[in-house]
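My notes follow the structure.

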Amino acid sequence: MMNLLRCLALALCLQLLASRGTAQVAPLVANINARQTTSLDGQWQAIVDPYDVGALDYRAQPLKNNHAFYKNYKPQSESELVEYDFDTSGQLYVPGDWNTQRESLLFYEGSVWYKRSFDYTKSPKNRLFLHFGACNYLAAVYLNGEELGGHEGGFTPFDFEITDRVKPRGNFLVLRINDTRGKDQVPTVNTDWWNYGGITRPVTLLEVPETFVQDYFVQLEKGSTHQIKGWLQLNGPKLQQNVIIRIPEAGLSKTIQTDSKGRAEFSFSADLTLWSPENPKLYTVEIASETDQVTERIGFRSIDVRGAKILLNGKPVFLRGISIHEEAPTRPGRTWSEDDARTLLSWAKELGCNFVRLAHYPHNEAMLRMADQMGVMVWAEVPVYWTIQWENPQTLHNAENQLKEMIARDHNRAALIIYSVANETPISDARNSFLRQLVQDAHSADPTRLVSAALQAHEVVDRGRITIHIDDPIASDLDVLGNNEYIGWYVRHAEDADSIDWISAYDKPLIMSEFGGDALFGYHGGTAARWTEEYQENLYQHQIAMLKRIPFLRGMTPWILKDFRSPRRTLPRLQDFFNRKGLVSDHGEKKKAFFVLQKFYRELQSARPPE
Ligand code: GCU
């Protein structure tokens, strides 16, 4: 029954997408927080609808009449039958996952309807957009009883233009969010993280002039530390305009002309203080067209590879990192806020990090902007995780779309240096061509950043000597290689790392994108006693000794900063649906291994970077 409902729900959403076409999802408006905005966050009315009765009749046909929940219909007489009522159905906080807001919804996967009423008086001639930071997983959006469109993917932003649809008073916005997992989705049905459902990031109304600056890319040209190269895109009737790009602090002001499509490409030299973790310099960049003005905070740095080196601003760098899931630091559930971003990145900095891997999906924009401010380089990833339907063109289109949306939102963030297109995916021809397409998409959307993936090397034992070989065919397409290994936890003993050598078939930098083991904070015992802090501490000591011996290692992001919820972790008293590989517990308590890694990173910080 659930599978039938999931197909119908997906069909309904795709029909919605198809009926109005994803074209209905307007081009992403950049940097919305620099705009005239109205937040729609807060308590929303919500109806939990496990059988999708708000969308489908008993023959599973899409509802179009007043029984459809998006109509938000009220009985007109005492005898009229209406079997739903948002206003007496309870509330859920937006932004937020529904799972941690009600005990009864912790394991819930399915549909939830949200309703928010609002009044809005728009300035004449201006345009109005409705922006969503993210909704997990399928979103169908309705305004005043009319469909606006839909979106698939739980971790990227989307918006709709509602200029001609909004009324001064009594608007009602209704969303149907469905997070039922599906084999053809991205991610697919199996993940080691909680499937948090809901409107998980802020919802915002933004008002812009008739012709406005919709997006821009202002970064240093690939391989340069003094040439700015970029583009900008206007949106509206008056596309050919003069646009001034100003960087007042650098005494820069450039006038460019947009073409008949509203696009302009530009390149000019600039004498700038380069962004780096040691000095995360951000400049105010003003983009002023004849009809619009937007201000942005941008850092300028170059990131490149040369052989097995990673070069930041032309100098070799070692990426002292940690992996992070997008969960709030000291409470269960998804996070979206600046404060939480600051807390998580402060813990990473306390560890001695200059780098974080935001796993396994695009994290919220506040995290990327905070990384810019705090000087923490970022690995960002799309949830092409484990065994995706490689042969399914719809699945590829979906993955490409999520990658495109992630890049569109964050392509002006200096902190963001690596796009990762996959995690632990089984080698096959179909998989290789799927990932190859994503690598090409990333490079063409943004030629300035590096592309990677978290691979899984294989072991060779020859007369007792253990060597691990990185020879995944997709590595030839990547700029930087990522590799996940769990020596001492899923394979072998921690001490075996002491005699393991690594061999790469590629003259490329390696980031050990995952290693680690579980420990319950406060649970103590011998170094061979699993789940104890001593076991994890010992594992880290042997891992670090092994990693130091890998000549082409240029970074690492141990798994993971903080214990996180996972439906795959059922062991009572020790896991209780948490993956316990954090160096910090889910209550913010630091485990012994935290200090082992901190000590190593401090050593690296005081040592000369690897030549
Ligand atoms: C995998 C995977 C993670 C997972 C981790 C673990 O490598 O990439 O998502 O949480 O291993 O098993 O703890």
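**Helix packing notes**

I started with α2 and α3, which are oblique to each other because their axes cross at roughly 50°. I worked on a predicted model throughout.

I noted that α2 covers residues 338–351 and α3 covers residues 365–374, and that their axes come within 9 Å. I recorded the crossing of α2 and α3 as right-handed.

I then listed the residues that meet. From α2 they are Glu338, Ala341, Arg342, Leu344, Leu345, Ser346 and Lys349, and from α3 they are Ala366, Met367, Met370, Ala371 and Met374. Sorted by class, this contact has eight nonpolar, one polar and three charged residues.

Next I checked the length of α6, residues 533–548. Its 16 residues should span 22 Å at 1.5 Å a residue, and I found the end C-alpha atoms 23 Å apart, which agrees.

How many residues of α6 are buried? I found 12 of the 16, so α6 is largely enclosed by the rest of the structure. Among the buried ones are Tyr535, Leu539, His542 and Met546. I traced the packing of the buried residues to β29 (500–504), β30 (510–514), β31 (553–556) and α7 (592–606).

Last, I looked at α6 with α7. Their axes are 7 Å apart at an angle of about 25°. Angles under 35 degrees count as roughly parallel, and α6 and α7 are therefore roughly parallel to each other. I recorded their crossing as right-handed.

In this contact, residues of α6 including Glu533, Tyr540 and Ile544 meet residues of α7 including Lys592, Val596 and Phe600. By class I have six nonpolar, two polar and six charged residues for the contact of α6 with α7.

Definitions and conventions: Residues numbered from 1 in each chain as written. Predicted model: local features only at pLDDT ≥ 70, side-chain atom pairs only at ≥ 80, totals over all residues. Heavy atoms only, no water. Helix = DSSP H or I, 4+ residues; strand = E, 2+ residues; numbered from the N terminus. Expected span 1.5 Å × (residues − 1). Buried < 20%, exposed > 50% of the residue type's maximum accessible area, 1.4 Å probe, protein only. Contact = heavy atoms within 4.5 Å. Axes fitted to C-alpha atoms, helices over the stretch in contact; angles between N-to-C directions. Parallel < 35°, antiparallel > 145°, perpendicular 65-115°, else oblique. Left-handed = near helix turned anticlockwise from the far one by under 90°. Nonpolar A, V, L, I, M, F, W, Y, C, P; charged D, E, K, R; others polar.
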